[in-house]
Amino acid sequence: MFKDRRLRASAICVVTELTLGAFRVALALITGSLALTADGVHALSDVWISLVLFLVLMLRVSNDHKQRFSERFVNRIESSAVIFSAVAVLAAAIAIFNRLYKSEPPQIENLWIAIVGTAIVMVVLYFLAKLKQRVGRETNSVTLEADGYHSKADMITSGAVLVSLIGTLAGIHLDRVLAVIIAAMVALLGVELLISGFRSLLSSKAFDQLSLVEWCGSKLAKIPFAESLKKAIRAISQYFYCLRYWFAVGAGIAYLSTAVTLVPLGFVGQQTFLGKQTAEDVPTGIYVHAPWPMGEMTLLREGLVQLAKVGLEPSAVAQRVSDGAWFGVSERTRGQDNAGYLHTGDQNLIFASGELLYKITSPTQAMNAYPELDVMITELANAALWELVGRKSYQELIQGDRQVLADQLFMSISNDVTRMSYPVELVSFSFDSIQPPGPVVKAYRKLHQARQRKQDLVNQASTEKVFQLSEARSNAVQILAQDTAYAHSVDARTQGDVKRLNLLADSYTNNPEAFKLKRQNETVQSTLAGQPLTITDPRFDKHDYRIWSAKP
């Protein structure tokens, strides 16, 4: 069977393409390149199709010699095999798109191995295409000759992968874009095979692969205004061709302008040459460097204050009365509360969240050495918050001074940032919320209200006590003042009486006759008080009738 030159050439090509496909997949695994992965899947899809067609070709050659099956039966087997292959190719394309959608752009490693390996693949594909075309022309096999052109197309695809790998050296990242293009090519191949397979199966004719591009071109050519459109495009092309030198000069000036970069205020620059950094944190100014893609000046924001959310996030079933208030969780949705709570030092649960403000001191270092600096700062702050909560008791966190707690956490984060040598400067930290778990907030509020009522009653009793004590002290002072005044008045009277008696004693001592007369007058007045008095002149005789009579 392998005496047929077509079969020998096909067998050699299938084995070679299988080896190249496995080699490309190995390169993709070593480097992590998405474009190489897509190119490897594309190559293995081609190998699978070539293997299926090779097996069908063997069946045809054997059937040509022995005539075991009818031509329609062989055609149906070929069509069924093509449909099965088309489904496999489409599944591979979907797998590539799924990986591109779900994964982040990977960091390509072992770049020079990928470049050399892709160059080797291109050389082998070139000679393989030449072999297929020559054997196809010599044996009058249109299938082999077309397969040779397909190998050239694969070589061009590998060339695009090689260009993207070289561009990665210069800082031009086309790996993901090229992977999407190759995945689209694989999907287009699967659709063409699927349509062609069903057409051949329904007509029971030999497999003839449909080209969707050629089919769309033939349909567009039948549109009435297609010829006018071609003439217009041709005229516009001729006009632009006459201006080709001006376009060349403009393109040259535009290309040279890529070697000049203005670093404005508020930005710093990172200068690179062939993907390697030559200057970092370039200040404001105009700079000349190597043109694109060899050189580049990347602008980075300077002094921008970043915000990091630290702590926990409330669950979707949390309810807030107002902004800044504690959130609660109702009894009905308590089982759906999936918020993470922190453990305090006395084995209680608590919810805590806050905001950390910081500035990047070296944007270039942050971009190169710490590509996910914001995530690292957030995780560092979260670790410091968990440590602080673990060292404090529940009451210290709930009833303590938030500013004191925030300052303690700020110092802890600052020490960690200094120890890790992160290019950041911390600005401030503030707590947004420190509260009990959502399901127990209602009960805690009732407890807090009871404690507040108790404290109010204690304050009222203390106030009443102070008031009554003040009033008693005031009364005591008043009574003491009255007693003192009375004592002073008694003392003053006593001293006055003593002085008066002393004066009387002095008067008696000095004028005893006067004192005696006074005492006599006082005695007479007291004795004769209320009695009728008759005052007579001693010159009158008591028998004289002219004596006056006095009435009281």
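Ser421 sits in the loop between helix H13 (402-420) and strand E11 (424-435); helices here are DSSP runs of H or I with at least four residues, strands are runs of E with at least two, and both are numbered from the N terminus. Its phi is positive, about 60°, although Ser421 is not a glycine. Most residues other than glycine have a negative phi. Ser421 is also partly exposed, with a relative accessible area of 48%; buried means under 20%, exposed means over 50%, and partly exposed is in between, with a 1.4 Å probe and protein chains only.

A word on the model itself: it is predicted, so local features need pLDDT of at least 70 and side-chain atom pairs count only at pLDDT 80 or more, while totals for chains, interfaces and linings use all residues. Residues are numbered from 1 along each chain as its sequence is written, and side-chain values use heavy atoms, with hydrogens and water left out.

Asp281 also turns up with a positive phi, near 50°, in a residue other than glycine. Asp281 lies in strand E3 and is partly exposed, at a relative accessible area of 25%.

The loop between strand E2 (267-273) and strand E3 (276-282) holds Leu274, which is partly exposed at 45% relative accessible area. Leu274 belongs to a nonpolar surface patch along with Tyr255, Leu256, Phe273, Trp292 and Met294, and together they have about 590 Å² of accessible area. Areas come from the Shrake-Rupley method with a 1.4 Å probe, and for residues only the protein chains shown count as cover. To join a patch, a residue needs over 30% relative accessible area and no salt bridge; nonpolar side chains (Val, Leu, Ile, Met, Phe, Trp, Tyr) are joined within 5 Å, like charges within 9 Å. A salt bridge, in turn, is a side-chain nitrogen of Lys or Arg within 4 Å of a carboxyl oxygen of Asp or Glu.

E1 pairs with strand E4 (residues 285-288) in the antiparallel sense over four bridges, pairing being called when DSSP finds at least two bridges between strands. Within this pair, Val263 stands opposite Gly285 in E4.

Overall, the protein has 15 helices and 11 strands, and 32% of its 552 residues count as buried.
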